[in-house]
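Okay, thanks for coming, everyone.

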Amino acid sequence: MKGFVFFDLDGTLLNGESKVDVATAKAIQTLKNNGYEPFIATGRSSAETRDIMESANIHSGIFMNGQVVLYQGKRVYSSEIPTEMVKKFHQMVKEDGYGFTAYNDKEFYLVESTDGAKDAYGFIHTNPPALNADFYIDNPINMLLFICLPPAEEKYKVAFPNLDFLRNTPYSVDVISKGNSKAEGIKRFLEYLNQEDAETYAFGDGPNDIEMLQAVTHPVAMGNAIPVLKELAEFITTNNTDNGIINGLKHYGLI
């Protein structure tokens, strides 16, 4: 491999309808033909991005903000949240009237439902998952999606000091093991392949992409990215709805 290219999804690899444009998918294939391995780097799980990965022909990814790393379909890293901690979280969420979803790399279910689930999942153009209040009891859990409006998560940050809370939409917060991130996922993958000195590129637009852009050789901000990401970027491409991925890859001669 000549290098590795990491793509955030919403606002980056995906268009305004949360789909992969045909032209973008063709560019990804050209990227692969030219000797570069593309990765999805997202707060979402591999279970909920199968269709996206298939449409983009990408088979590697940093999922759930670094909780799970897959390389060409093989799991090379996984961090799980202890069952007792999820149980305590469930009790607190239920008492406060919020909702949450539990995820692993195979499945995800609403554990505690709330009206806000429609807004949280509608924000990424999907429907809320099925309800399964006992899912976490007999299954490993990598991430929780805390469905709440700000600043509800501030109370939970104090109650769960071993967890990190990353707001991903106005309606929801990714909850993962403290110390993990997209950047840590990239680091663990490169160590796994003994490729710490490889050329790395990352495309992003939002707050959970900050550490990722700081971790790669060539950080790229989308035209629609938040200001702090543009300040970190080596190159600012066009918007995700204006061939931003294609133009960024062309800038570096990757396609």
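**The overall picture**

So, the protein chain has 10 helices and 13 strands, where helices (H or I, at least four residues) and strands (E, at least two) are DSSP runs, numbered from the N terminus. Its radius of gyration is 18 Å, close to the 18 Å from the globule rule for 255 residues, so the chain is as compact as a globular protein of that length. That radius is taken over C-alpha atoms, and the rule is 2.2 Å times the number of residues to the power 0.38.

Before I go on: this is a predicted model, so to speak about local features we need pLDDT of at least 70, side-chain atom pairs count only at pLDDT 80 or more, and totals for chains, interfaces and linings use all residues. Residues are numbered from 1 along each chain as its sequence is written, and side-chain values use heavy atoms, with hydrogens and water left out.

Along the principal axes, the C-alpha trace spans about 55 × 35 × 30 Å. Of the 255 residues, 53% count as buried; buried means under 20% relative accessible area, exposed over 50%, partly exposed in between (1.4 Å probe, protein chains only). If you take contacts between residues at least 6 apart in sequence, 56% join residues at least 24 apart, with contact meaning heavy atoms within 4.5 Å.

**The eight-stranded sheet**

Which order do the strands take here? Eight of them form an open sheet, running β5-β4-β3-β2-β1-β11-β12-β13, and the pairing is mixed. At the edges stand β5 (74-78) and β13 (235-236), each with a single partner strand, so one side of each has no neighbour in the sheet. When I say two strands pair, I mean DSSP finds at least two bridges between them. One example is β2 (residues 36-41) with β3 (residues 61-63): they run parallel and are joined by two bridges. There, I40 in β2 has G61 as its bridge partner in β3.

How many of the residues of β6 are buried? Five of the five, across residues 99-103, so the strand is largely enclosed by the rest of the structure. As a reminder, in a regular strand the side chains alternate between the two faces of the sheet. Both faces of β6 are covered: G99, T101 and Y103 are buried on one side, F100 and A102 on the other.

β6 pairs with β8 (residues 143-147) in the antiparallel sense, over five bridges, and T101 stands opposite L145 there. It also pairs with β7 (residues 108-112), again antiparallel, over four bridges. On that side A102 faces Y109, and Y103 has F108 as its bridge partner. β7 has four of its five residues buried, so this strand too is largely enclosed by the rest of the structure.

What joins β6 to β7? A hairpin, through four residues. E107 is found in that loop. Buried or exposed, or something in between? At 32% relative accessibility, E107 counts as partly exposed. Leaving out residues up to four places away in sequence, E107 touches A47, A102, F135 and N139. Notice A102 in that list: it's one of the buried residues of β6. And E107 sits 11 Å from T49, C-alpha to C-alpha, although the two are 58 residues apart in sequence.
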